[in-house]
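This briefing covers domain packing, a ligand site, salt bridges and a chain interface. The structure comes first, and the notes follow by topic.

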Amino acid sequence: MTRSGVLRRVAVLAGSLWLFAGLVALWWVLSDHSRSPYFPPLRVILHRFDQLWLFSGESTGLDPSLVHLAIGYAIAAVAGVAVATVLYAVPLLREATSPVVYFLYVLPAPVLIPAALALFGIGATMSTAIIAFGCFWPILLNAVDGLRATDTLKLDTARTLGLSYPRTLWSVVLPGASPQMVAGLRAGLQVGIVLMVVSEEVGATNGIGNFIIQAQNNFAFTDMWTGILVLAIVGTALNVLFVGAERLALRWYYGARSVARAR
Amino acid sequence: MLVVLAALGLWQLLTATGALNRASFPTMWSTLRALGDQLTTSGFWTTIGQTVEGWALGLALGGTAAVLVGSAIGLSRLASRSTAPVIEFLKAVPSIAILPLAIVVLGTHLQMKLTLVGYAVFFPLVIQVVYGVRALDPTVADTATTLQVRGLRRFLVVVLPSAAPFIATGLRISAATALILEIVAELIGGAPGLGQRILLAENAGPTMFPLMYAFVLVTGILGIVLTGMFTLGERRVLHWHESQRNLRGATR
Amino acid sequence: MGEATAPARDRPGEVAGGQAVPVLEVRHLRKAYPLREGERLAIEDVTFEVARGELVCVVGPSGAGKTTLLRCLSGLMAPTSGEARFEGEPIRSVPQGVGVVFQDYSRSLFPWFTVEKNLELALKVRSMGKEARGERIAQVLAAVGLPEVGRRYPWQLSGGMQQRVAIARALSYQPELLFMDEPFASVDAQTRFELEDLVLRIQGAMPDVTVVFVTHDVDESVYLADRVVALSRPPATVEAIVEIDLPKPRDQIETRADPRFAALRGEVLELVTGRTRRA
Ligand SMILES: Nc1ncnc2c1ncn2[C@@H]1O[C@H](COP(=O)(O)OP(=O)(O)OP(=O)(O)O)[C@@H](O)[C@H]1O
Ligand SMILES: [Mg+2]
């Protein structure tokens with residue numbers, strides 16, 4: 001890269017980040033002499049954040065949460081795509097189940113947390129189960145929609161090429177549906193994060209949700225703020241990871257789209 | 001309809017025969033009976049009203065703010081560029097993260113629900129609005145300029161309608177999120193509404209489980225009704241766009 | 001098909017002393033698009049004039065900078081140097097008395113409005129009363145041969161009909177100067193002939209309307225124009241300005257069969273492609 005190229009990149013970065021930096025600075029300054037117990041100075045929050053969460057942090061509340069999320073989400077993703085493929089392949093089954101599937105998709109998943117509590121009791125199983133359940137429906141529904149939207153011309157092409165049904169499914173239908181599947185996976189991730197926190201706030205003995213609720217109950221508002229900060233960072237990080245993976249996996253899609261747009 | 005009956009039948013079969021644990025899964029029949037009992041009480045309808053109120057007001061507040069702020073940002077390239085990282089970050093902050101804060105500062109009142117629901121609605125929607133306003137077709141913009149359509153009229157008659165499909169998609173997604181957060185606010189924040197009744201029923205022990213599932217059913221039906229209203233409204237407002245609608249393009 | 005019957009207006013371009021100011025003057029217009037590195041020169045140097053009531057075609061090969069030129073002339077974009085004047089005034093923004101018809105009719109008609117509302121918008125902006133608006137809309141829709149589509153949405157019409165609506169909209173506020181950017185490039189040949197005749201008929205019925213018609217089609221330019229401004233290959237300069245002295249009214253079959261048509265067409269084609277005819 002040339003030197004002016006580097007400079008330009010720096011300028012672009014500065015051009016888009018100045019407001020963010022400015023707002024953080026403003027928060028720092030405005031909160032610095034705050035006496036409100038609810039709104040401690042940012043300085044104090046960051047100090048406590050360092051004590052609690054950074055490398056030598058005392059609290060390990062995040063690990064179990066992320067484990068619950070990872071397992072629950074993975075189950076939902078695999079099951080969602082698999083069930084979607086079956087529903088696509090067997091139209092009768094799809095028609096028959098669609099009202100129930102739609103009901104469960106629309107049902108806000110947190111209402112089932114009490115039921116899950118009754119079923120699994122307090123603990124990791126409950127969190128994981130409710131995350132898997134909640135993430136499953138948006139993933140399933142988007143995947144079915146994506147599969148059904150397969151271009152008939154592509155199916156005809158596959159047939160004239162003499163591809164077998166499984167081969168067509170694997171090489172034509174599934175890749176074609178992948179952009180919308182990814183949209184479903186993204187929606188599922190958002191739901192998963194909410195359920196991770198809520199389930200721990202209601203029925204867990206550890207995890208970030210539990211940490212926040214404990215802090216709130218003990219009037220440890222600075223600790224509570226660090227929890228909010230952790231959630232913000234985790235949410236952003238998961239989002240960035242997801243977008244990165246999506247860009248990589250759907251390179252063909254974005255490539256084709258930008259060509260189409262340039263025309 | 002047949003399918004729904006079949007599903008209900010299957011539920012009854014699984015629970016009545018004991019294939020599913022009777023203690024944690026009430027039978028379909030007892031659940032429907034609990035629901036039937038509720039239908040005649042006034043408290044039941046008040047509860048639904050409370051949930052719908054929080055949902056609707058939160059959606060209206062967050063939605064209006066998002067459209068206003070998003071339009072203002074979208075009209076300037078510098079503003080869109082500078083605010084994008086802030087909005088993306090705040091959007092990634094799961095709205096439930098601010099729940100404890102909202103509870104300690106605002107208590108379990110309507111304000112708490114509205115803050116939470118409004119926050120959950122605002123950020124995803126504001127991104128859609130900015131995106132929609134920025135995506136104004138250059139030919140459309142040129143046409144408006146040559147016709148001398150300027151200022152507020154240009155915004156109302158040209159910019160807003162052309163961003164409407166994006167805004168509608170954002171609203172539809174936000175409406176679902178809003179209901180989730182409304183329930184969470186009741187479940188954890190202890191604000192009155194369906195979520196609170198569900199938790200209370202669970203706390204009361206297995207004898208009250210039919211009631212808990214009755215409320216779960218009601219929440220789902222409420223979800224279907226509210227979502228259906230949105231889809232209908234969208235179809236009416238955006239009928240002109242139906243032909244070229246590309247939801248996948250609009251959601252990202 | 002209805003005849004255009006817009007009332008004649010007085011001539012604001014007339015200057016004391018009786019000497020007419022050209023409706024449009026273009027002087028050494030140059031446009032370079034700034035790029036990430038350096039710039040792209042789209043128009044090198046263009047100079048020409050258009051008198052009141054004339055129909056001038058600007059013809060040039062694809063990518064010559066025709067759209068760029070038209071955007072500069074209609075005030076949608078500022079030239080890099082040189083200038084364009086409308087009735088003696090330098091063009092800084094789109095003047096009130098200018099109408100533009102874009103190539104892409106499907107995007108230039110607002111899909112969320114009915115045809116009527118599309119037309120009404122420009123009249124509302126010019127604070128015309130409700131009744132007068134209704135009359136004017138009926139009048140221009142009849143003039144473009146679409147008296148009965150007011151209540152429909154643009155996307156319920158065929159491409160040719162949509163372009164007629166776009167023309168009606170541009171005419172509705174009775175502009176002094178009408179710019180058209182390859183307006184018929186994406187309709188079928190049959191419709192294209194009809195629309196070309198529509199333009200000629202409108203111009204015959206409203207002798208005060210000046211038309212600058214941009215096209216890459218040499219035949220079209222010769223068929224329509226009083227004069228043809230031939231642009232070079234990009235970046236554009238004016239190769240020559242050709243007088244088209246074919247008799248009027250013109251006719252798709254007769255005019256095109258005229259030996260003078262063939263000669264003029266050959267002449268313009270040579271200019272545009274930069275090739276000399278084989279002996
Ligand atoms: N916004 C822009 N930025 C940079 N370059 C541009 C831009 N618009 C057009 N150009 C370039 O300027 C040149 C002229 O473009 P223009 O669209 O004016 O040509 P045209 O004669 O209208 O072509 P066509 O017949 O295809 O419509 C082209 O080389 C084009 O790539
Ligand atoms: Mg062009």
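In chain C, the domain assignment (bounds from an automatic or database assignment) gives domain 1 as 50-77 + 176-279 and domain 2 as 109-174. This is a predicted model, in which local features need pLDDT of at least 70 and side-chain atom pairs count only at pLDDT 80 or more, while totals for chains, interfaces and linings use all residues. Residues are numbered from 1 along each chain as its sequence is written, chains are lettered from A and ligands numbered from 1 in the order in which they are written, and side-chain values use heavy atoms, with hydrogens and water left out.

**Domains 1 and 2 of chain C**

- The centres of domain 1 of chain C and domain 2 of chain C, taken over C-alpha atoms, are 25 Å apart.
- Contact (heavy atoms within 4.5 Å) involves twelve residues of domain 1 of chain C and ten residues of domain 2 of chain C.
- About 900 Å² is buried between domain 1 of chain C and domain 2 of chain C, and carbon and sulfur atoms give 76% of that area; buried area is the accessible area (1.4 Å probe) that two parts lose on being put together, summed over both.
- On the side of domain 1 of chain C, the residues that lose the most area to domain 2 of chain C are C:Leu178, C:Leu198 and C:Ile202, together 39% of what that side buries.
- One salt bridge (a side-chain nitrogen of Lys or Arg within 4 Å of a carboxyl oxygen of Asp or Glu) is found across the interface of domain 1 of chain C and domain 2 of chain C.
- C:Glu194 and C:Arg164 form a salt bridge, with 3.1 Å between the closest N and O atoms.
- Two residue pairs across the interface of domain 1 of chain C and domain 2 of chain C are in polar contact, both at pLDDT 80 or more. A polar contact is a pair of N or O atoms within 3.5 Å; within protein, one must be able to donate a hydrogen and the other to accept it, and residues adjacent in sequence count only if both atoms are side-chain atoms.

**Ligand 1**

- Residues around ligand 1 (a heavy atom within 4 Å) include C:Tyr33, C:Arg40, C:Lys66, C:Thr67 and C:Glu182.
- C:Tyr33 has a polar side-chain atom 3.4 Å from a nitrogen atom of ligand 1.

**Salt bridges over all chains**

- The whole structure has 27 salt bridges over all chains.
- A:Arg186 and A:Glu246 form a salt bridge through their side chains, at 2.8 Å from N to O.
- A:Arg186 is in helix 8 (residues 165-203) of chain A and A:Glu246 is in helix 10 (residues 221-249) of chain A, so this pair ties together parts 60 residues apart in sequence. Helices are DSSP runs (H or I, at least four residues), numbered from the N terminus.

**Chains A and B**

- The contact takes 53 residues from chain A and 45 residues from chain B.
- The area buried between chain A and chain B is about 4400 Å², with 78% given by carbon and sulfur atoms.
- Between chain A and chain B the salt bridge count is zero.
- Two residue pairs are in polar contact across the interface of chain A and chain B, both at pLDDT 80 or more.

Technical notes
Helix = DSSP H or I, 4+ residues; strand = E, 2+ residues; numbered from the N terminus.
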